Amino acid sequence: MGSLVRTGISLDSELLARFDQTIAKKGYGSRSEAIRDLVRGLAIASDVTQNKVVVATLTVVYDHHRPNLSERLIEAQHHYYGKVLAMTHVHLDARNCLEVIIVKGRGTEVQELADHILSLRGVKHGKLVITTTGTRLK
Ligand code: NI
């Protein structure tokens, strides 16, 4: 871990007031912690664009009565074996299922896997959340 460095930034007063309100609602104890989280978010976005290894969760809601969809979802996960770390399946009701697929891989691989799955016919909604493996972030 590097040494702690103090820095100052210039902001419009209204923008700063809005920032303070927002971080107070979220429960941040200080501006510093909120700004550190924003910087970490930028670092993770940079890891993705630089194709570094990231971890992610892909949440998918689908109708399991849709012909062949369950099989296609399984096939896609096998296609990316080694990248898919785990999967959880919840039966939401008689037709609808929710799956959370946990993946690890290079930014482009993770995005490709998500694009493949989310574009399958019958997937109602999904969201990819990419985060850090934690090794390059303090
Ligand atoms: Ni189900």
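Mentor: We'll take the metal site, then the sheet, then a helix. Keep in mind that this is a predicted model.

Trainee: Okay, metal first. Which residues coordinate the nickel ion?

Mentor: His89 through NE2, His91 through ND1 and Cys97 through SG. The distances are 2.1 to 2.4 Å.

Trainee: What spacing do the donors follow along the chain?

Mentor: The pattern is H-x1-H-x5-C.

Trainee: And His91, is that buried or exposed?

Mentor: His91 is exposed, because its relative accessible area is 63% and the cut-off for exposed is over 50%. His89 is at 30%, so that one counts as partly exposed.

Trainee: Switching to the sheet. What's the strand order?

Mentor: β2-β3-β1-β4. It's an open sheet of four strands, paired antiparallel.

Trainee: Which strands stand at the edges, and why?

Mentor: β2 (84–91) and β4 (123–131). Each has a single partner strand, so one side of each has no neighbour in the sheet. From one strand to the next, the twist averages 15°.

Trainee: How many bridges join β1 to β4?

Mentor: Eight, and the two strands run antiparallel. β1 covers residues 53–63.

Trainee: Give me one spot to look at. What stands opposite Val61?

Mentor: His125, in β4.

Trainee: Last one, the helix. Which strands does α4 lie across?

Mentor: β1, β2, β3 and β4. Helix α4 is residues 107–118, and β3 is 96–106. The helix runs at about 160° to β3.

Terms used
Residues numbered from 1 in each chain as written. Predicted model: local features only at pLDDT ≥ 70, side-chain atom pairs only at ≥ 80, totals over all residues. Heavy atoms only, no water. Donors = N, O, S within 2.8 Å, 3.2 Å for Na, K, Ca; no water. Buried < 20%, exposed > 50% of the residue type's maximum accessible area, 1.4 Å probe, protein only. Pairing = 2+ DSSP bridges. Axes fitted to C-alpha atoms, helices over the stretch in contact; angles between N-to-C directions. Contact = heavy atoms within 4.5 Å.
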